[in-house]
Amino acid sequence: MIDLRSDTVTRPSDAMRERARDAEVGDDVYGEDPSVNELEARVADRLGCEAALYVPTGTMGNQIAARTHTERGQEVLVERESHIYRWELGGLAQHAALQTRTIDGGVRGVITPEAVREGYVKSDAHRPGTGLLTLENTHNARGGTALAPNTIDRTAKAAHELDVPVHLDGARLANAAVAHDVPIARMVEHVDSVMMCFSKGLGAPVGSALAGTAEFIERARRIRKLLGGGMRQAGVIAAPALHSLQNIERLSVDHENARLLARSLDELRGFSVRDPETNIVLIETDDPAEEFLDQCAEKGVLGGQFDEHLVRFCTHRDVDRNDIEAAIDRITEIA
Ligand SMILES: *Cc1c(COP(=O)(O)O)cnc(C)c1O
């Protein structure tokens, strides 16, 4: 099977399994797990933030951030296709009692400073006020688009001028940094908090981190406990996550593979594929996506359905160039 459904399907490498086995551990709810503490310190340093918090999933990281930044009933500005809005079970309403105001970020999912000013609601006797702006980089549903650091800076500054804090959903932040060839910290200079996943392109079995100021993370730690995310000897999963930071640079290989796949499929009749910016390939299919994916599965290639005529293929460290070439051959036969 060539599994291109997601970059979350990677299996931990031998080195990661060894890290898990050998990890020094303690009770992290008491702050006594050395492996978790080391991971949090290293991630904070890497992101140029004061502090970080290890969380089991990206979803929990995003939800904790929203809750920590806001007050009940406030509005949150979200991109129309963003993960935090569309794919987290309405958690913004369920966990933080927030009302969402959507912004259409167009084909690349970019929220502009103008859109922030337009969407902003000032609190008064009748209106709840805007409590948070969320951004997403890379933007999953828009095809892994990698927003440039300047773009993030400008939009964040527009929010700050209105006293609105900014959370960045950076599940694939490392992919964005590699695509722009900048240190990962450069991507988040002007946001107030950021979540990044170790469990996606970086290949760790479990885990994400939330980062921000020390004061923010102190409050976030309480919300993590509230949501049931206080873990005990979590060093066994934090140690492979720490190891996964070594896999940042190699993401360029995934991006190269995605481009090869996209360009080859775009030449086939019945498919329209934009050049990917990172490791996510969105394919518009003339035939129903479900039918196409069934045919792919019969030939041992797995992808995900995003819409009636939209398929997502995702490259990752467990598929190499040979696998991609084999996938292209098999899909060419289908076409
Ligand atoms: C995967 C993803 C998340 C959530 O991460 P989980 O670990 O699956 O909960 C959040 N945001 C984006 C953009 C994602 O792609």
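Biologist: Which element gives the largest share of the lining of the largest cavity?

Modeller: That's α8, with three residues. Elements here are DSSP runs numbered from the N terminus: helices are H or I over at least four residues, strands are E over at least two. One caution: this is a predicted model, so local features need pLDDT of at least 70 and side-chain atom pairs count only at pLDDT 80 or more, while totals for chains, interfaces and linings use all residues. Residues are numbered from 1 along each chain as its sequence is written, and side-chain values use heavy atoms, leaving out hydrogens and water.

Biologist: How many cavities of 30 Å³ or more are there?

Modeller: On a 1 Å grid over the protein atoms alone, a cavity is a set of points where a 1.4 Å probe fits but cannot get out, whereas a pocket is an open set with protein on both sides within 12 Å along at least five of seven lines; a lining residue has an atom within 4 Å of a point. Points are joined across faces, edges and corners, and the volume is the space filled by probe spheres set on them. By that rule, you get three cavities of 30 Å³ or more. The largest cavity holds about 50 Å³, and its lining includes Gly170, Leu173, Met196, Cys197 and Leu251. Two or more lining residues come from each of α8 (173–180) and β7 (193–197).

Biologist: How do the residues of that lining divide into nonpolar, polar and charged?

Modeller: Ala, Val, Leu, Ile, Met, Phe, Trp, Tyr, Cys and Pro count as nonpolar, Asp, Glu, Lys and Arg as charged, and the others, Gly among them, as polar. The largest cavity then has seven nonpolar, three polar and two charged lining residues.

Biologist: Now the pockets. Which residues lie nearest the centre of the largest pocket?

Modeller: Ala141, Arg142, Arg274, Leu282 and Leu310 do, out of 14 lining residues. β10 and β12 are the elements that give two or more residues to this lining. The space is about 340 Å³, and the lining splits into seven nonpolar, no polar and seven charged residues. The second largest pocket holds about 170 Å³. Among its lining residues are Arg269, Phe271, Asp286, Glu291 and Ile334, with α12 giving the largest share, three residues.

Biologist: And sheets? What is the order of the strands in the open sheet of four?

Modeller: Strands of a sheet pair through backbone hydrogen bonds, either parallel or antiparallel. To count as paired, two strands need at least two DSSP bridges between them. Here the order is β9-β10-β13-β12, with antiparallel pairing. β9 (271–273) and β12 (304–307) each have a single partner strand, so one side of each has no neighbour in the sheet. Neighbouring strands are turned by 35° against each other on average, direction ignored. Up close, three bridges join β12 to β13 (residues 310–314), and Gln305 has Val311 as its bridge partner in β13.

Biologist: Which helix lies across this sheet's strands?

Modeller: Helix α12 (residues 289–298) lies across β9, β10 (280–285), β12 and β13, at about 40° to β13. Contact means heavy atoms within 4.5 Å. Angles run from 0 to 180 degrees between N-to-C directions of axes fitted to C-alpha atoms, for helices over the stretch in contact.

Biologist: What is the strand order in the open sheet of seven strands?

Modeller: It goes β2-β8-β7-β6-β5-β3-β4, with mixed pairing. β2 (51–55) and β4 are the edge strands, each pairing on one side only. From one strand to the next, the twist averages 20°. β3 and β4 run parallel, joined by five bridges; Leu77 has Arg101 as its bridge partner in β4. Helix α2 (residues 34–47) packs on this sheet, touching β2, β7 and β8 (208–212), and its direction makes about 130° with that of β2.

Biologist: How many salt bridges does the structure hold?

Modeller: We call it a salt bridge when a side-chain nitrogen of Lys or Arg is within 4 Å of a carboxyl oxygen of Asp or Glu. The structure holds 25. In one of them, Asp104 and Arg80 have their closest N and O atoms 3.2 Å apart. Asp104 sits in the loop between β4 (99–103) and α6 (113–119) and Arg80 in the loop between β3 (75–79) and α4 (83–86), so the pair ties together parts 24 residues apart in sequence.

Biologist: Where is the residue with the positive phi of about 55°?

Modeller: That's Ala97, which is not a glycine, in the loop between α5 (91–96) and β4. Look also at the cis peptide bond from Asn137 to Thr138, with omega near 0°. Thr138 is in the loop between β5 (130–136) and α7 (149–161).
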